[in-house]
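I opened this entry to record, step by step, what I looked up and what I found. My notes start with a term, then go on to one helix and what surrounds it.

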Amino acid sequence: MEQYTRLNEAEIKAILVEFEIHTLSSFKLLSGGSENTNYLVKSSKGKSVLCIFEQKTAKKARELARLLKHLEHNNFSTSTLVDTRNNESVLIWKDKPIIIKGFIEGNIRKDLS
């Protein structure tokens with residue numbers, strides 16, 4: 001995947017504060033995203049994925065967040081969202097929607113039947 005949004009450490013820390021994550025240990029760009037830029041973030045709260053939606057509107061990002069929360073509340077194994085300090089699932093940063101979700105260990109399958 002082509003990286004769309006490049007973040008430096010200061011920018012990542014500023015975003016994480018909005019999600020009440022105050023200690024950043026490390027971060028790295030993840031490959032394999034579709035229409036988004038994803039960073040693996042390690043912090044005092046564990047591993048998370050900072051997901052910047054490059055092509056989704058804020059409305060579409062909120063719809064996705066509601067779906068993920070619905071799946072989680074109904075015991076479907078899915079990414080767990082981290083809410084902002086304002087109890088929102090989606091943060092708008094530099095006109096782009098951002099979510100943070102728990103990191104799920106595994107591999108990306110490129111070819112699915």
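By contact I mean heavy atoms within 4.5 Å. Helices (H or I, at least four residues) and strands (E, at least two) are DSSP runs, numbered from the N terminus. I note that this is a predicted model, in which local features need pLDDT of at least 70 and side-chain atom pairs count only at pLDDT 80 or more, while totals for chains, interfaces and linings use all residues. Residues are numbered from 1 along each chain as its sequence is written, and side-chain values use heavy atoms, with hydrogens and water left out.

**Entry 1: helix H1.** I asked which residues of H1 are buried (under 20% relative accessible area, with exposed meaning over 50% and partly exposed in between, for a 1.4 Å probe and protein chains only). I found Glu11, Ile12, Ile15 and Leu16. Seen down the axis of H1, these buried residues fall within an arc of 135 degrees (taken from the directions from the helix axis to the C-beta atoms), so they line one face of the helix. Their cover includes S1, S2, S3, S5 and S6.

Entry 2: Beyond its neighbours within four places in sequence, Leu50 is in contact with residues including Leu7, Ile12, Tyr39, Val41 and Ile99.

**Entry 3: Leu24.** Leu24 lies in strand S1 (residues 24-30) and is buried, with a relative accessible area of 16%. Leaving out residues up to four places away in sequence, Leu24 touches Glu9, Ile12, Lys13, Leu16, Val41, Lys42 and Ser43.

**Entry 4: salt bridges.** I searched the whole structure for salt bridges (a side-chain nitrogen of Lys or Arg within 4 Å of a carboxyl oxygen of Asp or Glu), and the search finds 7. In one of them, Lys94 pairs with Glu11, the closest N and O atoms being 3.2 Å apart. Lys94 lies in the loop between S5 and S6 and Glu11 in helix H1, so the pair ties together parts that are 83 residues apart in sequence. Lys94 counts as exposed at 58% relative accessibility, whereas Glu11 is buried at 19%.
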